[in-house]
Amino acid sequence: MVRRVAVIGAGAGGLASVKSCLEEGLEPTCFESSEDIGGVWRYTDSRDSRRVSVYRSVITNTSKEMSCFSDFPFPQDFPSYLPHGLVLEYFRMYARHFDLLRHVRLQTRVLSVRRRPDFSASGQWEVVTEAGGVHKSHVFDAVMVCTGHYQEPYLPLASFPGIDSRFQGQCLHSREYRDVQEFRGKRVLVVGIGNTGGDLSVELSRVAAKVFLSTRSHTWVLSRVSEHGFPRDMVGTTRFNHLLEWLLPSALTRRIKFRKFNSWFNHTNYGLASSKSSKFKMIINDELPFCLLSGTVVLKPNVKEFTESSAVFEDGTTEENIDVVLFATGYNFSFPFLEESVGSAIDDNRSLYKCIFPPQLEKPTLAIIGLIQLTGSIMVGAEMQARWVTGVFAGWNKLPPPSRMMAEVLKSKPPVKRNPSERENLKMSFIGYMDKIAACAGVKPSVVRLLLTDPQLALAIFFGPCSPYQYRLVGRGSWSGARAAILSQWQRTLKPLRTRVLGDSSGSSGSWCWMCLLALPAALTAGFLFSK
């Protein structure tokens, strides 16, 4: 019987895990190595090598309605896309509202997590912590690891001959980046075109003498703003679109997507991506196309080698007088506190049952929260994981036997470890993964049932954004405010823009409601498809 639960990390996943434990009547203790909650979203000027944080100018890539905890909307006056300070403020509000802080032990580092000698019978863990130089041993019935996947900088120097032996300029990882001031007037080469590489290239272009952005990937660049000015994820992440992707042939779906992406600008003309490529990534960046068009950022292929002051690229071109090489090459995850036999078996999230449970354990009392790559908010996914996991701990949700879990894992487990850029290609569908875990937890909404009992809500959850509130409509942990939150999400999106109200209100979300009514026959058909 699980009662006492150790939660490691007080970021978004850790806070959601503490709350989920409390909802199930469990007794959580959250250990946070730093002096405050917030995880990577707590920005500091410090470059402490033991802690990763966002850079000063970061803005969320997912909108507030698609990124919130499922029973706690962001304040309506918060903008749709948020700087780190408002994200951290929201975490504090959440922790205060649900009285989570009394369960958090700050400045307490977890040194080891090991199975007890009687683990096969008890499922218990021995957790050793250190606070103020004092080591302490605890016994817990279960452990939730919420340290995420932004842990160890991935710096593939061996792939770039000369960077260590010949190059005389500065070389650093994006983890060390805080703001632009130290790069003023310099020629900077950014290696890697993920979200971070794109953001830093744009920001550096405002002060650097020149910025070069090197990539080996086909990359589609998307804006946060969709047609008619609404957040892209609210318009695109819908159950209707998800159903279409499932119904249509993948080649046709890919062609439709590429045409949509190219409607903003032709990616082939910019050297970013070709519609003929089968492997590609997508990043969010509203300014990169203009920087490329204005020449403040120059796109380059992969680096072949470095000399004392220049970079030689695979196409034979050379850029001289490079002052700084900034690697935006992502992170590796690690669990140094886990006993070797457990931690070494986790290659990536596909080594885990449903990306959460190590399948080889005799008792399912260890859960890895937030080690996922989704097409939507990881924070929302981590909360859903925490709800299911604590239901398993409390005995409400059941897992298959270890042999079946292991068999499912082996079907999808990669043959070799993958670097962060390759893991980007392993992103899972936000709705697909959320629905899968929600079904396990018994909280997935039924479109068919809602069409019969509450057609207005059914249309909203099928054609509207698949926002987190949908997963609080039914089942354990249901929230009485979920329906109202869903039906008012467009108003909360527009509220911070109403700083200058015009007489014409045609830009409101009213037309969206009419679209839903006209699409009722399609919703009925889709609902029955989902029910099969």
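I began with terms: helices (H or I, at least four residues) and strands (E, at least two) are DSSP runs, numbered from the N terminus. With that settled, I placed Asn321 in the loop between strand 17 (318-319) and strand 18 (324-327). Its phi is near 55 degrees, a positive value in a residue other than glycine. I noted beside this that most residues other than glycine have a negative phi.

I wrote down the ground rules next. This is a predicted model, in which local features need pLDDT of at least 70 and side-chain atom pairs count only at pLDDT 80 or more, while totals for chains, interfaces and linings use all residues. Residues are numbered from 1 along each chain as its sequence is written, and side-chain values use heavy atoms, with hydrogens and water left out.

**Whole chain**

I looked up the secondary structure and found 20 helices and 20 strands in the chain. The radius of gyration is 24 Å, close to the 24 Å that the globule rule gives for 532 residues, so the chain is as compact as a globular protein of that length; the radius is taken over C-alpha atoms, and the rule is 2.2 Å times the number of residues to the power 0.38. Along its principal axes the C-alpha trace spans about 65 × 65 × 45 Å.

I then turned to burial, where buried means under 20% relative accessible area, exposed over 50%, and partly exposed in between (1.4 Å probe, protein chains only). Buried residues make up 53% of the 532 residues in the chain. For contacts, meaning heavy atoms within 4.5 Å, I read that 68% of those between residues at least 6 apart in sequence join residues at least 24 apart.

I also recorded the charges, with Lys and Arg counted as positive, Asp and Glu as negative, and His and the chain ends not counted. The chain has 63 positive and 48 negative side chains, and the centres of the two sets lie 6 Å apart, the place of a charge being NZ of Lys, CZ of Arg, CG of Asp or CD of Glu.

**Sheets and hairpins**

Two strands pair if DSSP finds at least two bridges between them. On that basis I traced an open sheet of 5 strands in the order 3-2-1-7-20, with parallel pairing. Strand 3 (104-105) and strand 20 (366-368) stand at the edges, each with a single partner strand, so one side of each is left without a neighbour in the sheet.

Strand 5 (residues 125-131) was my next stop, and I found it mostly covered, with 5 of its 7 residues buried. Strand 5 pairs antiparallel with strand 4 (residues 109-115) over 6 bridges, where Glu130 is the bridge partner of Arg109. Strand 5 also pairs antiparallel with strand 6 (residues 134-140), over 7 bridges, and there Val127 stands opposite His138. The hairpin formed by strands 5 and 6 has 2 residues between them, and Gly132 in the turn has a positive phi of about 60 degrees.

Another hairpin joins strand 15 to strand 16 through 4 residues. Strand 15 (residues 303-306) and strand 16 (residues 311-313) run antiparallel and are joined by 3 bridges, with Val312 in strand 16 as the bridge partner of Glu305.

**Single residues**

I checked Leu15, which lies in helix 1 (residues 12-23) and counts as buried at 0% relative accessibility. Leu15 and Leu100 are 85 residues apart in sequence, yet 7.2 Å apart in space, C-alpha to C-alpha. Leaving out residues up to four places away in sequence, Leu15 touches Ala10, Ile37, Phe91, Tyr94 and Leu100.

Arg42 sits in the loop between strand 2 (27-31) and helix 2 (64-67), and I noted it as buried, with a relative accessible area of 7%. Beyond its neighbours within four places in sequence, Arg42 is in contact with several residues, among them Glu35, Asp36 and Arg51.

Ser80 belongs to the loop between helix 2 and helix 3 (84-97) and counts as buried at 13% relative accessibility. Not counting residues up to four places away in sequence, Ser80 touches Thr62, Ser63, Lys64, Pro231 and Thr493.

Cys355 has a positive phi of about 65 degrees although it is not a glycine.
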